[in-house]
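The following paragraphs walk through a predicted model. Please keep the sequence and the coordinates open while reading.

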Amino acid sequence: MVRCGVPSVSRETIQSALPHVLSSTHLEAIGARYEGKVRDNYTTQDGRRIIVVTDRISAFDRIIGTLPLKGQLLTTCANWWFEQTRDVAPNHLLSMPDPNVMIVRECRTLPVEMVVRAYLTGSTSTSIWVHYERGERSFCGHKLPNGMRKHERLPKPLLTPSTKAHDGAHDVSASRDQILAATKMNPADFDAAADMAMSLFKRGQQLCADRGLILVDTKYEFGKTPEGDIVVIDEIHTPDSSRFWFADTYEDRFGSGLDPESFDKEYVRRWLASRGFRGDGSIPTLPDEIRVEATYRYVEAIERLMGENFRPHLSAEPEARIRRNLGLE
Ligand SMILES: Nc1ncnc2c1ncn2[C@@H]1O[C@H](COP(=O)(O)OP(=O)(O)O)[C@@H](O)[C@H]1O
Ligand SMILES: [Mg+2]
């Protein structure tokens, strides 16, 4: 398959956004603030959550800096996927009043991350490949065949849930029964969320395949509405929450023992790893050229996925624009 054209946003345009990154917001007037690694969340009195997707980037569970336009790219991508999957799983999205903002229904979050994996890959301690490489042949209650190689497709996509880590701890992957025992969550809620995760993944795989991409693995979060319905929350199938590979080069590279061509956060992770950083100790400062290149790759990824050009909003003061779009001034 022929690669799509170059990204519609030039490196120069991305460079021009560098002085105007959205690193954090203070909109306490709209509700109680919770600062996540990537998103600033505000909970309103009337049951909505206003999620400001900032330009912060996390890797190895740490905030490692900002990338210009990343918040807009992620918001665009997550919204696109929510529209494409509404028939498969209901989601929390209500509206998108600003390129960096999603207004969603406030839910009670389920204490589990539903990870779905279609390939034997990964490099962090929670990854299926690292377990397999150590000789383990069972992962989250699934038996794994002998003789598999790194990056090989699994016989079928596996649900490998993990508990949500708090305060900088790493997530722990576990079987359904272990998660139920550890979290005391309602088994029917777990099963409803697990079914939706598998259906969402299937839809994600199909849409990615149409674009010459492989949805390798991903993570979903679920919440319960005040009416008691389980809905998908947070974001789905973005380069932050998922791993994507190019389908056209996968077989050849796998056959030659090379890493697949990927277009997710891998670019930034590899740069950090090349500086010896794997999550502990002081964080190397991302040089501007790496930040611009990383954003350029996010644009490539998202345009390829959506099959549409991404139109950046180049505001000198993004927080002021957000305030206006939220009717705060
Ligand atoms: N509809 C929702 N209701 C309640 N919580 C939500 C909803 N959507 C997302 N969240 C939570 O909001 C936070 C989003 O910010 P993020 O930067 O991802 O934080 P974190 O560092 O905790 O992952 C997450 O903790 C996520 O679980
Ligand atoms: Mg998160």
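The largest nonpolar core of this predicted model has 75 residues, and the members that touch the most others are Met114, Phe190, Tyr220, Phe222, Leu272 and Leu286. Helix H8, residues 288-306, supplies the largest share of this core, with 10 residues. In soluble globular proteins, nonpolar side chains tend to be buried together. Leu286 is itself listed among the core members that touch the most others.

Next comes the sheet. Five strands form an open sheet in the order S1-S2-S3-S7-S6, and their pairing is antiparallel. At the edges are strand S1 (32-35) and strand S6 (93-98), each of which pairs on one side only. On average, neighbouring strands of this sheet are turned by 25° against each other, direction ignored. Within the sheet, strand S2 (residues 39-43) runs antiparallel to strand S3 (residues 48-53), and 5 bridges join the two. Tyr42 stands opposite Ile50 in S3. Helix H9, residues 318-325, packs on the sheet and touches S3, S6 and strand S7 (101-105). The direction of H9 makes about 125° with that of S6.

The ligand remains. Which residues are closest to ligand 1? Of the 18 residues that surround ligand 1, the closest are Tyr34, Lys37, Val38, Arg39 and Glu221. A backbone N or O atom of Val38 lies 2.8 Å from an oxygen atom of the ligand, and for Arg39 a backbone N or O atom lies 2.7 Å from a ligand oxygen atom. Asp234 contributes a polar backbone atom 3.3 Å from a nitrogen atom of ligand 1.

Definitions and conventions:
Residues are numbered from 1 along each chain as its sequence is written. Chains are lettered from A and ligands numbered from 1 in the order in which they are written. This is a predicted model: local features need pLDDT of at least 70, side-chain atom pairs count only at pLDDT 80 or more; totals for chains, interfaces and linings use all residues. Side-chain values use heavy atoms; hydrogens and water are left out. A nonpolar core is a set of buried Ala, Val, Leu, Ile, Met, Phe, Trp, Tyr and Cys residues joined through side-chain atoms within 4.5 Å. Buried means under 20% relative accessible area, exposed over 50%, partly exposed in between (1.4 Å probe, protein chains only). Helices (H or I, at least four residues) and strands (E, at least two) are DSSP runs, numbered from the N terminus. Two strands pair if DSSP finds at least two bridges between them. Axes are lines fitted to C-alpha atoms, for helices over the stretch in contact, and angles run from 0 to 180 degrees between N-to-C directions. Contact means heavy atoms within 4.5 Å. A residue is near a molecule or strand if one of its heavy atoms lies within 4 Å of it. A polar contact is a pair of N or O atoms within 3.5 Å; within protein, one must be able to donate a hydrogen and the other to accept it, and residues adjacent in sequence count only if both atoms are side-chain atoms.
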